[in-house]
Amino acid sequence: MLVESAAIKTEAFRALYADHGEQVVARVLAHHKEHEGISRVEKIRHCHLEFLGQDLNEADLAVLALHYSNMVVDAVVACPAVAGADDFLQRHLGHTKMFVVSGTPETELRDIVDARGMTHYFQAVCGSPRRKEPIVEELLARQGLVAQNCLFIGDAMTDYRAAQATGLDFIGRVGANEDNPFPDGTAVVGDLTELPK
């Protein structure tokens, strides 16, 4: 949501399954796109079981997840920010509580945020294996926040569903040349320059 990482993650899934043929790759990428914001561990487990007939044990799953991580971390650290993200964060620093809630593994996510010099903007940086809904609920309680006064800005249906489940207003980000995954009537922006001041 803050960085242009979607294509990096898609290409990592393509590379992870390339040896299994184009038909499998196409199914994997469709699943990945449909379930953006879900932990890569869950996606890999599902794709191996459903598309390859392999029920991965925890050790093999961890190896594949690490391989995926090795393909994406440096690229995500180096990729461009979403237009307007830096200005938005700077404008709200010090008077708006801001949080990162992601499907990326939490340790990796925190390393990326730190490497990009963004840690100081956020009260918390939270990722998988926890799901987004319980993370949001915990943050609301721990920070003493009222859901109706909070806004969730996200680029995946998991973000939209987490906002709906926890009572937060929602704005979806739909990048250029991307299909809008959100229900009709959902407020959307192309980038963060379009957010209200």
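Guide: Welcome! Let us start with a definition: a residue is buried under 20% relative accessible area, exposed over 50%, and partly exposed in between, using a 1.4 Å probe and protein chains only. The model here is predicted, with local features needing pLDDT of at least 70, side-chain atom pairs counting only at pLDDT 80 or more, and totals for chains, interfaces and linings using all residues. Residues are numbered from 1 along each chain as its sequence is written, and side-chain values use heavy atoms, with hydrogens and water left out.

Visitor: Why is glutamate 108 called buried?

Guide: Its relative accessible area is 10%, and the cut-off for buried is under 20%, so glutamate 108 is buried. Glutamate 108 lies in helix α6, residues 106-115. Helices here are DSSP runs of H or I with at least four residues, strands are runs of E with at least two, and both are numbered from the N terminus.

Visitor: What makes the pair glutamate 108 and arginine 40 a polar contact?

Guide: A polar contact is a pair of N or O atoms within 3.5 Å; within protein, one must be able to donate a hydrogen and the other to accept it, and residues adjacent in sequence count only if both atoms are side-chain atoms. The side chains of glutamate 108 and arginine 40 are joined at 3.0 Å, so the pair qualifies. Leaving aside residues up to four places away in sequence, glutamate 108 touches Arg40, Ser69, Val72 and Val73, where contact means heavy atoms within 4.5 Å.

Visitor: Why is α1 called oblique to α3?

Guide: The axes of α1 (residues 6-17) and α3 (residues 40-52) come within 12 Å and cross at roughly 40°. Axes are lines fitted to C-alpha atoms, for helices over the stretch in contact, with angles from 0 to 180 degrees between N-to-C directions. Under 35 degrees counts as roughly parallel, over 145 as roughly antiparallel, 65 to 115 as roughly perpendicular, and the rest as oblique. The angle of roughly 40° therefore makes α1 oblique to α3. On the α1 side the contact is made by Phe13, Leu16 and Tyr17, and the α3 residues include Arg40 and Ile44.

Visitor: What makes α2 oblique to α3?

Guide: Helix α2 (residues 22-34) packs on α3 at about 140°, with the axes 10 Å apart. That angle falls among "the rest", so α2 is oblique to α3. Among the residues that meet are Val24 and His31 in α2 and Glu50 and Phe51 in α3.

Visitor: How do you know that β3 and β4 pair?

Guide: Two strands pair if DSSP finds at least two bridges between them. β3 and β4 have 4 bridges, in the parallel sense, so they pair. Strand β4 (residues 169-173) also runs parallel to β5, joined by 2 bridges, so that pair qualifies too. Glycine 172 is the bridge partner of glycine 154 and stands opposite valine 188 in β5.

Visitor: Why are β3 and β5 said to stand at the edges?

Guide: The open sheet has 3 strands in the order β3-β4-β5. β3 (151-154) and β5 (188-189) each have a single partner strand, so one side of each lacks a neighbour in the sheet.

Visitor: What makes β4 and α8 mostly covered?

Guide: In β4, 4 of its 5 residues are buried. Helix α8 (residues 157-166) has 7 of its 10 residues buried, including Met157 and Tyr160. The buried residues of α8 pack against β1 (99-105), α7 (132-143), β3 and β4.
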